[in-house]
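Colleague: Please take a close look at one stretch of this chain for me. I would like the record entry, the contacts of a few side chains, and then the ligand site for context.

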Amino acid sequence: MQYRSTRGQAKNYSFEEAVMTGLGPDGGLFIPQEIPALPANWRQDWAQFSFQELAVEILSLFIDDSEIPRAELAQLVERSYATFRSEDVTPLAKIRNGFYILELFHGPTFAFKDVALQFVGNLFEYFLERRNSREPAGGKTHRLTVVGATSGDTGSAAIYGLRNKKNVSVFILHPNGRVSPIQEAQMTTVLDKNVHNLSVEGTFDDCQDIVKNLFGNKEFNNRHHLGAVNSINWARILAQTVYYFQAYFSLLRSLDIDAASPEADAIKFDFSVPTGNFGDVLAGYYAYRMGLPTNKLLIATNENDILYRFFKSHAYEKQTGADGGVKATLSPAMDILVSSNFERLLWYLVRETESDDGKSDSEELCDKAGQTVNNWMQELKEKGVFRVADEAVLKAREVFDAARVTDVETSATILSYYTTENADQCSYVLDPHTAVGVAAADDYIQNTEIKTHPAGSDIFICLATAHPAKFSEAVEAALKTTPGFNFAQDVLPEEFRGLLEKERRVTHVERADPQLVMDVIEKELRGEGISF
Ligand SMILES: *Cc1c(COP(=O)(O)O)cnc(C)c1O
């Protein structure tokens, strides 16, 4: 399998090149040159597979054996998911008939980004070790200096994915005093030599601007081989496709339905996905395109609703709030102005609406899609908006729908799922991101013809993207009036106890200045014993 850029100027990249470079040379995102179909008997053959076994099957459709031999891929997968606290890796919780929660938060940092970043860390290490083993004795050492900015979740998941990896150093910038206490503690209490936290005097946007500046600095980049772990990396999307399959099979097993039976065919699977940068739900789209039975992928946004507005107006419009920035909501990991991964979906929509038979993948059409996407991204940059043809949005609507959930609805949903008065429903503590997905799903069920199983034929699966203890303020605020609710007892996991008091290592950067950050990076690399 080879990879091409969504902006049309790069193709025939190997998986390794796509993963190690992250972004295409034309500024586009890498996508596979074709979407592989599932093997003919996948339902029978995979029905009893573990998460890890499914991962090997699915990943190997996108990674040639000549790039990573299957046995080595299996080892990478084993190691990546051995750090999860659940045997199923991503277990499914039943809330009521036909309504389930797919818990993606059983990794080291209690958020869904672990599913991808645990794998990406091992992948980086694997490729670097292999490059080094091919160097003659005394040859150069291939290394990667990962630099990223975070408002919370990405930073901790990246740190836990990359800690202790050979030939990788990781520098994570966070705005001083502006990440939650738990998230700050999660990042700064990791004391491995290759992990460096920089707390920068400034905002998240300042941190992000510094990172962009460093990547744009050719000399610095060449000296340190900068690597990125943001959600545009193809390996992150790929790793996330696995849990859609895992959810499908574990659901059928729990209902005692044979995956290859007509009974299984009669069930419609709907997924509701709390969405920010569109990485998580895009993985569901790839699963659907490969052949996973999927009725709807519901894009659930908070009040930063560019995707919701797109499905209404067919215009993708960067709308800055009164203060010119994103709206701060109860679900901060979804506070975005634009969704970077949406570009990948746009590419498919253009290519398929331009072709006569709806699926031709001629090079000409691919190039045309690249040109169109490239133009749109220019328009977005220059005017802050571009419009998409109605047919393309109709095409997207075949499987997608979008919803917008306010903070008030988010809190109300956390409360009503905890204090449920419905005898057939389990009480469950939702984190605010998951609550956005759940509220969107409930609204959707009420306003469409959907009948959830067994009364009808639909099953709704809401993806839970974080553990409620990670966002304690929003959860406590929503549940504080509930008699008997005790956060420490009911929500707080063992791993978080004492976290705030643990030893920390963090370097304070007194001004949001790229030069200061570069100085810190070089000083700390020398401290690791790295010469350059
Ligand atoms: C990153 C994140 C999201 C958004 O996921 P995308 O792939 O960016 O759409 C949602 N919830 C939580 C808790 C996250 O950390």
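**The N-terminal stretch**

Modeller: Residues 2–81 are 45% helix and 8% strand, and their end C-alpha atoms are 26 Å apart. Helices here are DSSP runs of H or I with at least four residues, and strands are runs of E with at least two, numbered from the N terminus. The model is predicted, with local features needing pLDDT of at least 70 and side-chain atom pairs pLDDT 80 or more, while totals for chains, interfaces and linings use all residues. Numbering starts from 1 along each chain as its sequence is written, and side-chain values use heavy atoms, without hydrogens or water.

UniProt lists residues 2–81 as "domain: Threonine synthase N-terminal" in an unreviewed entry; such annotations may be inferred rather than shown by experiment.

Trp46 belongs to helix α2, residues 42–46. Trp46 counts as buried because its relative accessibility is 3% (buried means under 20%, exposed over 50%, partly exposed in between, with a 1.4 Å probe and protein chains only). Beyond four places in sequence, Trp46 touches Leu38, Pro39, Leu54, Glu57, Ile58, Phe245 and Phe249, where contact means heavy atoms within 4.5 Å. Phe249 is 203 residues from Trp46 along the chain, yet their C-alpha atoms are 8.1 Å apart.

Gln33 sits in the loop between β2 (30–32) and α2. With 13% relative accessibility, Gln33 also counts as buried. A polar atom of the Gln33 side chain is 2.7 Å from the backbone nitrogen of Asn12. That is a polar contact: N or O atoms within 3.5 Å, one able to donate a hydrogen and the other to accept it within protein, with residues adjacent in sequence counted only if both atoms are side-chain atoms. Asn12 is also among the residues in contact with Gln33 outside four places in sequence, together with Met1, Gln2, Tyr3, Arg4 and Lys11.

Now the ligand site. There are 15 residues around the ligand, and Lys113, Asp153, Gly276, Asn277 and Thr465 come nearest (near means a heavy atom within 4 Å). Ligand oxygen atoms lie 2.5 Å from a side-chain N or O atom of Asp153, 2.7 Å from a polar backbone atom of Asn277 and 2.9 Å from a polar backbone atom of Asp280. Of the 380 Å² of accessible area that the ligand has on its own, the protein covers 97%, by the Shrake-Rupley method with a 1.4 Å probe.
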